[in-house]
Amino acid sequence: MVAVNRVYIAQLAGLPVFGPDGEPIGKARDVVISLRIDRQPPRVLGMVVELVTRRRIFVPMLRLTSIEPNAVTLATGSVNLRPFHQRVNEVMVIGELLDAKIQLADGSTAIVVDAAMELTRTRDWRVVKVAARQRTGRFGFKGPTQVFRWEDVGGLSVNEIAGQPQGAQQLVAVFEGMRAADVAHALHELPPKRRHEVADALDDERLADVIEELSEEDQKDILSHLDEERAADILEAMNPDDAADLLGELSEGTKDRLLELMEPEESEPVRRLLEYSFDTAGGLMTPEPIILTPDATIAEALARVRNPDLTPALASMVFVCRSPSATPTGRYLGCVHIQRLLREPPSDLVAGVLDTSLVRLPPSASLSDVTRYFATYNLVCAPVTDEDEHLLGAVTVDDVLDHLLPDNWRETGLSHA
């Protein structure tokens, strides 16, 4: 039995979905409705659920046992695992309906901030209410939220939603708190028009994080949508190795223009990476690992690895070099694993606990060589040095996996066991 009879759909985003025995299935991501030609409330077809493997599937409403403020429960643990594909005349409420402009009975305009579905006597779910904000003067849609009956508003046909330009503030708010990889997966599922609107609404840092998690085709699609000035800003905000990978897929003319628009201190490491083939240690590495001078203390090293912006792989090891400490560095002296840092007194110097025996990778090392290196030494991060013992960067295991997996791995998700 369904726990509530009216549900505001935007509040479902991210709710855990459980099977009948309480086993976790995934998270609610959207609700799919079938729009009508007239203004009568549309029927709710089902829910888009993102499995723990990140694959998005469709679950019909009849398969839901309960919808509660903190969870959704399925009637059976057996679900169709085919990836969700949107059909003609279907609309995703969170992905496409939020931020849509509607016309009210008095002729004024408002934007949708949520929609409410209710369970009817025939056990069908219908979207019966629209929560919206009206325009207030010259300052946009900043008025109080009001709730209107679906049949009392206009502008919500499939063609009207697809054709009108939309903001994306409400959808971006739904994405708040989601991992960049999950936002990227959500963007991939959206129609191109809506994907571009969301890209326009995200700030540069957030969009850069999301683009790093997109497939190559989606990356190029969004970058080509942006004007070149903003595209250069996004590339500056990306990790240099990811920016180099993306630029390497563009035409020479586009790549050169974007590099010229980037700030010199941001473009220089990217240019260096572009000198290497994408499937070598030089092409895989990041030029911004944690680098310390030998007079740094264990406490300083631990402070650096605590940086929340670092990936776990990059935070697993610090590299000690003579000045300068920016790549290419002075002479490379050795590395210290994070486990060793945790065992030593904070006041000791990193120079006293160096691992000087670890083999370094040359920038010309092939992808297969790098893969064998990680398997041999059970590492997730490795130094890359030139012939003169200068540290050029570090390769992390996530970048290796990215190049070993099929090109479309971000789109297909993981296989479900």
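## Salt bridges in a predicted model

Lys220 counts as partly exposed, at 23% relative accessibility (buried is under 20% relative accessible area, exposed over 50%, partly exposed in between, with a 1.4 Å probe and protein chains only). Its side chain meets that of Glu217 in a salt bridge, 3.5 Å from N to O (a side-chain nitrogen of Lys or Arg within 4 Å of a carboxyl oxygen of Asp or Glu). This is a predicted model, where local features need pLDDT of at least 70, side-chain atom pairs count only at pLDDT 80 or more, and totals for chains, interfaces and linings use all residues. Residues are numbered from 1 along each chain as its sequence is written, and side-chain values use heavy atoms, leaving out hydrogens and water.

- Lys220 and Glu217 both sit in helix 7 (residues 216-225), 3 residues apart, or about one turn of the helix (helices are DSSP runs of H or I, at least four residues, numbered from the N terminus).
- Lys193 and Glu197 also pair up in a salt bridge, with their closest N and O atoms 3.0 Å apart.
- Both of these, Lys193 and Glu197, belong to helix 5 (residues 192-201) and are 4 residues apart.
- Lys193 is partly exposed at 28%, whereas Glu197 is buried at 11%.

**A pair between two helices**
- Glu260 and Arg271 form a salt bridge, with the closest N and O atoms 3.4 Å apart.
- This one links distant parts of the chain: Glu260 is in helix 10 (residues 252-261) and Arg271 in helix 11 (residues 264-274), 11 residues apart.
- Glu260 is exposed at 61%, while Arg271 is partly exposed at 31%.

**The wider picture**
- Searching the whole structure turns up 22 salt bridges.
- Arg29, Glu50, Arg56 and Asp182 are joined in a salt-bridge network.
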